[in-house]
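Please keep the structure in view while reading the points below.

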Amino acid sequence: MKEQLAGALAAEEAAIWAYGLIGVHLREGSEQNQARAAEDEHRVRRDDLVDRLARLQASTAPTPAGYELPFPVEDRASALKLAVQIEDGVGQAWRVVLPVTENADRTEALSALTDAAVRATKWRKLAKITPLTLIFPGRPTA
Amino acid sequence: MVLTGSVRMSDSGHTRRRVLGASGALAGLVTLSGCGLFDDDPEPAPAPDALQPLLDEALTLAAAHTRVALAQPALAAKLTPLAEAHRAHAVELARVIGTTLPSGGAAPSAATTGADTAAALRKSEQAAQKTAAAACRSAPAERAALVGSIAAARASHAEALR
């Protein structure tokens, strides 16, 4: 379980980092607010994971000094595309937590997967990417 | 008791989906009346798989999306992928349960409940998300990821229908 939780932590860290970059390219107002709210939710999950892993006395990899973007992010369209990709990735990281957890821990992991899928759909709407949903959120596509 | 009830359901010609759609009280009555009358039933049907309600729900939702898409072509582009997703869920659930899907899929006429609007579909997706989330919580490890993805998909469908 530690390994899967560490994976979720890495995904949440990456999401927090990415939203810092995404927000500046979005329209002021509701779009930027949506990015800020998403970043806040990822921070809450990140903090929770740090606590849980500390309780499990698991060592976690340090946050990498830098991330590599999958593509240049320099306008609204690429920022929205990155937001979708980030949320899909967070969903994948949480889905693998489901089989290794039970009860409240599994419920928490399912909330994280579900929230990521819903946020990805919100970003797809703004980006006009169709279909708006994945058939199996969190399932690796490759 | 439950087993006897399900035998009666098939005797009466209703599909399980329709009976599940009926109120719990009605299902209880059927079960009660079955207890005394059918004690001699030789081979009660095996208990349904815990994921069977999820599979039935997926087929019902697929049919509902298809029906609304046919009635309101302007919504078809949005609803068709959702119907396809539910059918894909049903295929996976059937594989895991070890059952076969009803041939021809769910008839578009199946289980009309409430108004056929995007708002009604959204409510159905939200209710179905709750079913799937509960099923995920109680699922054995090897089923948790699939059922979790289905719960998340249903939540994202509800968002897509906003």
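In this predicted model, E92(B) and R139(A) form a salt bridge, in which the closest N and O atoms are 2.9 Å apart. The count of salt bridges between chain B and chain A is 2, and the count of residue pairs in polar contact between these chains is 7, with both residues at pLDDT 80 or more.

**The side of chain B that touches chain A**

- The elements that give two or more residues to this side are α5 (76–97), α6 (118–138) and α7 (141–160) of chain B, and α7(B) gives the most, with 15 residues.
- Sorted by kind, the residues on this side of chain B are 18 nonpolar, 6 polar and 5 charged.

**Extent of the contact**

- The contact takes 21 residues from chain A and 29 residues from chain B, and the two chains bury about 1,900 Å² between them, of which 67% lies on carbon and sulfur atoms.
- Of the area that chain B buries against chain A, R137(B), S149(B) and E159(B) supply 26%, which is more than any other three residues supply.

**Nonpolar cores**

- The largest nonpolar core has 54 residues, and the members that touch the most others are Y19(A), I22(A), W94(A) and W123(A).
- Leaving aside neighbours within four places in sequence, W123(A) is in contact with residues including Y19(A), L26(A), L80(A) and E87(A).
- A second, separate core of 7 residues has among its members A64(B), A69(B), L79(B) and L121(B).

Notes:
Residues are numbered from 1 along each chain as its sequence is written. Chains are lettered from A and ligands numbered from 1 in the order in which they are written. This is a predicted model: local features need pLDDT of at least 70, side-chain atom pairs count only at pLDDT 80 or more; totals for chains, interfaces and linings use all residues. Side-chain values use heavy atoms; hydrogens and water are left out. Contact means heavy atoms within 4.5 Å. Buried area is the accessible area (1.4 Å probe) that two parts lose on being put together, summed over both. A salt bridge is a side-chain nitrogen of Lys or Arg within 4 Å of a carboxyl oxygen of Asp or Glu. A polar contact is a pair of N or O atoms within 3.5 Å; within protein, one must be able to donate a hydrogen and the other to accept it, and residues adjacent in sequence count only if both atoms are side-chain atoms. Helices (H or I, at least four residues) and strands (E, at least two) are DSSP runs, numbered from the N terminus. Ala, Val, Leu, Ile, Met, Phe, Trp, Tyr, Cys and Pro count as nonpolar, Asp, Glu, Lys and Arg as charged, and the others, Gly among them, as polar. A nonpolar core is a set of buried Ala, Val, Leu, Ile, Met, Phe, Trp, Tyr and Cys residues joined through side-chain atoms within 4.5 Å. Buried means under 20% relative accessible area, exposed over 50%, partly exposed in between (1.4 Å probe, protein chains only).
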